[in-house]
Amino acid sequence: MELYIKYIPLSQLKKYPKNPKLHSSDLGKSITEFGFVDPIIVDENTNMIAAGHGRVQELERMKAAGDNPP
């Protein structure tokens with residue numbers, strides 16, 4: 001297995017429907033203060049998010065608000 005970074009549009013990511021975690025608005029504050037340092041893990045065959053649902057949710061919120069991407 002090879003790990004690599006690939007940039008894809010948020011709209012192409014598929015959220016796992018049974019994701020059990022809830023996220024607070026503190027995540028957005030953290031991204032604003034420290035930047036976006038932890039990648040979203042995605043199954044390359046399906047574009048299903050394996051880790052990073054909260055980060056995707058915050059990026060979507062920032063995009064909708066017209067904020068610049070981190």
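**Close-up 1. Lys29 and Asp26 pair up within helix H1.** Let's start with Lys29, which counts as exposed at 55% relative accessibility. Everything here comes from a predicted model, so treat each value as computed. The partner of Lys29 is Asp26, and their side chains meet in a salt bridge with 3.8 Å from N to O. Asp26 is partly exposed, with a relative accessible area of 46%. How many residues apart are Lys29 and Asp26 in helix H1? They sit three residues apart, which is about one turn of the helix.

**Close-up 2. Glu60 and Lys15 form a salt bridge.** Here the closest N and O atoms are 2.8 Å apart. Glu60 belongs to helix H2, while Lys15 is in the segment before helix H1 (26–34), so this pair ties together parts that are 45 residues apart in sequence. Are these two side chains buried, exposed or something in between? Glu60 is partly exposed at 29% relative accessibility, and Lys15 is also partly exposed, at 43%.

**Close-up 3. Asp38 and Arg55 meet in a salt bridge.** Their N to O distance is 3.4 Å. Asp38 is partly exposed, with a relative accessible area of 45%, whereas Arg55 counts as buried at 15%. Why does Arg55 count as buried? Because its 15% falls under the 20% cut-off for that label. The whole model has four salt bridges, and the Asp38 and Arg55 pair is one of them.

**Close-up 4. E1 and E2 make a hairpin.** Strand E1 (41–43) and strand E2 (residues 48–51) pair in the antiparallel sense over three bridges. To follow one of the pairings, find Ile41: its bridge partner in E2 is Ala51. What lies between the two strands? There are four residues between them, and Asn47 in the turn has a positive phi of about 60°.

**Close-up 5. His53 in helix H2 reaches Tyr16.** The side chain of His53 comes to 3.0 Å from the backbone nitrogen of Tyr16. Is His53 buried or exposed? His53 counts as buried, at 11% relative accessibility. Now move along to Arg61, which is in helix H2 as well. Arg61 is partly exposed, at 43% relative accessibility. From the C-alpha atom of Arg61 to that of Ile5 is 23 Å, and the two residues are 56 apart along the chain.

**Close-up 6. The largest pocket is lined by 28 residues.** About 1,100 Å³ of space lies in this pocket. Which residues lie nearest its centre? Look for Ile5, Lys6, Pro39, Ile40 and Val42. Sorted by class, the lining has 19 nonpolar, two polar and seven charged residues.

Notes: Residues are numbered from 1 along each chain as its sequence is written. This is a predicted model: local features need pLDDT of at least 70, side-chain atom pairs count only at pLDDT 80 or more; totals for chains, interfaces and linings use all residues. Side-chain values use heavy atoms; hydrogens and water are left out. On a 1 Å grid over the protein atoms alone, a cavity is a set of points where a 1.4 Å probe fits but cannot get out, and a pocket is an open set with protein on both sides within 12 Å along at least five of seven lines; lining residues have an atom within 4 Å of a point. Grid points are joined across faces, edges and corners, and a volume is the space filled by probe spheres set on the points. Ala, Val, Leu, Ile, Met, Phe, Trp, Tyr, Cys and Pro count as nonpolar, Asp, Glu, Lys and Arg as charged, and the others, Gly among them, as polar. Buried means under 20% relative accessible area, exposed over 50%, partly exposed in between (1.4 Å probe, protein chains only). Two strands pair if DSSP finds at least two bridges between them. A polar contact is a pair of N or O atoms within 3.5 Å; within protein, one must be able to donate a hydrogen and the other to accept it, and residues adjacent in sequence count only if both atoms are side-chain atoms.
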